[in-house]
Amino acid sequence: MSTAATPTEKPRAEDFLAIDRNLSDEERDIRDTVRAWVRDKVVPEVGEWFEAGAVPARELAKELGALNVLGMHLEGYGCAGASATAYGLACLELEAGDSGIRSLVSVQGSLAMFAIWKWGSEEQKQEWLPRMAAGEAIGCFGLTEPDAGSDPGSMRTRARRDGSDWILSGQKMWITNGSVSDVAVVWARTEEGVTGFVVPAGTPGFTTQDIHKKLSLRASVTSELLLDEVRLPDSARLPGVSSLKGPLSCLNEARYGIVWGAIGAARACFEAALSYAKERTQFDKPIASFQIQQLKLAQMATEVNRGTLLALHLGRLKDEGALRPEHVSMGKLANVNAALEVCRTARQVLGANGITLEYPVIRHMNNLESVVTYEGTADVHALVLGETLTGIGAFR
Ligand code: TGC
Ligand code: FAD
């Protein structure tokens with residue numbers, strides 16, 4: 001039996017379960033650096049970016065490059081080669097600012113850069129990765145189409161050979177960073193199977209169109225990619241893969257970042273609710289003194305801590321090389337759902353103030369409606385788990 005005395009220090013709202021103890025000094029340093037950047041550069045501005053539906057993506061990309069977070073979990077080619085856990089902590093801090101900023105980083109590092117890093121030729125890696133790591137070039141990842149979302153295997157975008165060249169035709173939809181990208185990784189059906197192509201901006205026949213009227217992820221660029229008989233040399237093809245495994249392997253990386261990121265949004269909403277509840281007086285008392293509000297705060301704190309522990313566990317598995325896509329599905333499903341619940345609860349704690357951009361909560365809440373949909377909807381991840389548990393696929 002343990003004889004250890006009860007620790008004298010009471011749990012703190014910022015880190016109730018003392019999860020910090022499980023991080024290395026290097027991980028804490030990276031986390032603190034990103035947190036400070038978000039506090040100084042994102043938090044003061046993001047409400048306005050959200051309201052305007054415009055984000056200075058190029059400027060941000062350069063700053064994020066200088067912070068070493070673009071493709072930070074990749075080795076070589078100017079990438080930081082940090083641990084998966086450190087990358088996750090960075091995602092958490094970025095999304096505590098706004099899901100759109102984490103999206104910019106996820107799409108750049110985990111989707112566009114990872115696709116080239118994992119499946120590209122040496123020339124493609126040399127050409128793109130150092131500039132992308134520095135934030136001098138922005139990338140996007142075109143998988144989804146108007147009629148192929150959860151079922152990317154039904155994509156219509158095609159690439160056919162023409163001599164030694166390829167001709168690409170089709171349309172991609174809902175593409176983060178689309179119109180601000182210097183390079184698009186576009187997935188297309190070929191006779192050999194689903195294949196990725198590196199398409200530089202400005203290639204004749206390749207155009208983009210932004211998607212407007214969004215009420216979520218407004219501090220993020222979302223575009224359509226239009227490919228009208230785009231001629232590309234064979235050197236633009238990612239040579240390493242010709243199956244759906246190619247894009248799905250990239251999604252594992254980005255989904256892993258979301259497992260962490262969603263908890264950042266939840267933490268920001270919990271902190272806003274806690275501080276508001278202590279300051280706001282009704283019936284001559286701070287609303288934090290009422291049992292119903294305390295229950296809400298207790299539930300929010302529990303979900304933030306539980307979600308962080310889950311993310312950290314998956315991070316450690318990834319660093320050991322033991323993380324499976326099914327683990328990532330469980331993490332994304334659980335943490336995004338939990339974060340949505342925390343943000344919705346926080347919004348109510350703030351009363352009418354909860355519906356304005358003066359506070360971060362409705363922005364995070366609305367953003368998470370995209371996060372629960374992209375990178376595999378909650379339903380898709382539940383079905384991945386269902387198939388793993390029962391051995392019976394229920395997608396079709
Ligand atoms: P299925 O027959 O199961 O598999 C086809 C091939 O892919 C392999 N595979 C995987 N490989 C790596 N990782 C995974 N998670 C994989 N899942 C499957 C599989 O082994 C097979 O390989 P091979 O070599 O035999 O060909 O495929 P399916 O057509 O039945 O689809 C399965 C399903 C539904 C799970 C999958 O299609 C899916 O995940 N759908 C959701 C689509 C999605 O998540 N789209 C996201 C688009 S990108 C985005 O949203 C970016 S938002 C970013 C931001 O702003 O942050
Ligand atoms: P659908 O697949 O049409 O799904 C509609 C509904 O049906 C959902 O509730 C879904 O869960 C359900 N459903 C579908 N199939 C099944 C089934 N078998 N069983 C039960 N229910 C099912 N894509 C990219 O490629 N690159 C990007 O950068 C990118 N960025 C995005 C940014 C934003 C802001 C958003 C909102 C989306 C982005 N996406 C991107 C697209 C995203 O990945 C898709 O929206 C997502 O995969 C879902 O596809 P869908 O919207 O066509 O919905």
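**Entry 1: terms and ground rules**

I work on a 1 Å grid over the protein atoms alone: a pocket is an open set of points with protein on both sides within 12 Å along at least five of seven lines, while a cavity is a set where a 1.4 Å probe fits but cannot get out. Lining residues have an atom within 4 Å of a point. Points are joined across faces, edges and corners, and a volume is the space filled by probe spheres set on them.

I note that this is a predicted model, in which local features need pLDDT of at least 70, side-chain atom pairs count only at pLDDT 80 or more, and totals for chains, interfaces and linings use all residues. Residues are numbered from 1 along each chain as its sequence is written, chains are lettered from A and ligands numbered from 1 in the order in which they are written, and side-chain values use heavy atoms, with hydrogens and water left out.

**Entry 2: second largest pocket**

I looked up the second largest pocket and found about 460 Å³ of space. Its lining has 19 residues; Val-43, Ala-96, Ala-268, Glu-271 and Pro-360 lie nearest the centre. Two or more residues each come from α1 (25-42), α2 (46-52), α4 (84-97), α7 and α10 (361-371). Helices here are DSSP runs of H or I with at least four residues, strands are E runs of at least two, and both are numbered from the N terminus. Which element gives the largest share of this lining? I found α7, with four residues.

I sorted this lining by class: nine nonpolar, three polar and seven charged residues. Nonpolar means Ala, Val, Leu, Ile, Met, Phe, Trp, Tyr, Cys and Pro; charged means Asp, Glu, Lys and Arg; the others, Gly among them, are polar. Domain 1 (19-133) and domain 3 (245-390) each supply at least three residues to this lining. The domain bounds come from an automatic or database domain assignment.

**Entry 3: largest pocket**

I read about 1300 Å³ for the largest pocket. Of its 45 lining residues, Gly-149, Leu-251, Arg-255, Glu-375 and Gly-376 are closest to the centre. The elements giving two or more residues are α5 (99-119), β3 (165-176), α7 (245-279), α9 (325-349) and α11 (378-390). I sorted this lining too: 20 nonpolar, 17 polar and eight charged.

**Entry 4: ligand 1**

I checked which residues surround ligand 1 (a heavy atom within 4 Å). There are 24, and the closest are Ser-103, Ser-150, Asn-252, Arg-255 and Gly-376. Next came polar contacts, pairs of N or O atoms within 3.5 Å. An N or O atom in the Ser-103 side chain is 2.8 Å from a ligand 1 oxygen. A polar backbone atom of Ser-150 is 2.9 Å from a ligand 1 nitrogen. Alone, ligand 1 exposes 1100 Å², and the protein buries 72% of that. Such areas use the Shrake-Rupley method with a 1.4 Å probe.

**Entry 5: ligand 2**

I counted 17 residues around ligand 2, with Thr-144, Ser-150, Trp-174, Thr-377 and Asp-379 the closest. A ligand 2 nitrogen is 2.9 Å from a polar backbone atom of Phe-141. A ligand 2 oxygen is 3.0 Å from a polar backbone atom of Leu-143. Alone, ligand 2 exposes 980 Å², of which the protein buries 68%.

**Entry 6: cavity**

I found one cavity of 30 Å³ or more. The largest cavity has a volume of about 40 Å³. Its lining includes Val-55, Gly-100, Asn-177 and Ser-220. Why does the largest cavity lie between domain 1 (19-133) and domain 2 (139-236)? Both domains give residues to its lining, so it lies between them.

Definitions and conventions: Polar contact = N/O pair within 3.5 Å; in protein donor to acceptor, adjacent residues only side chain to side chain.
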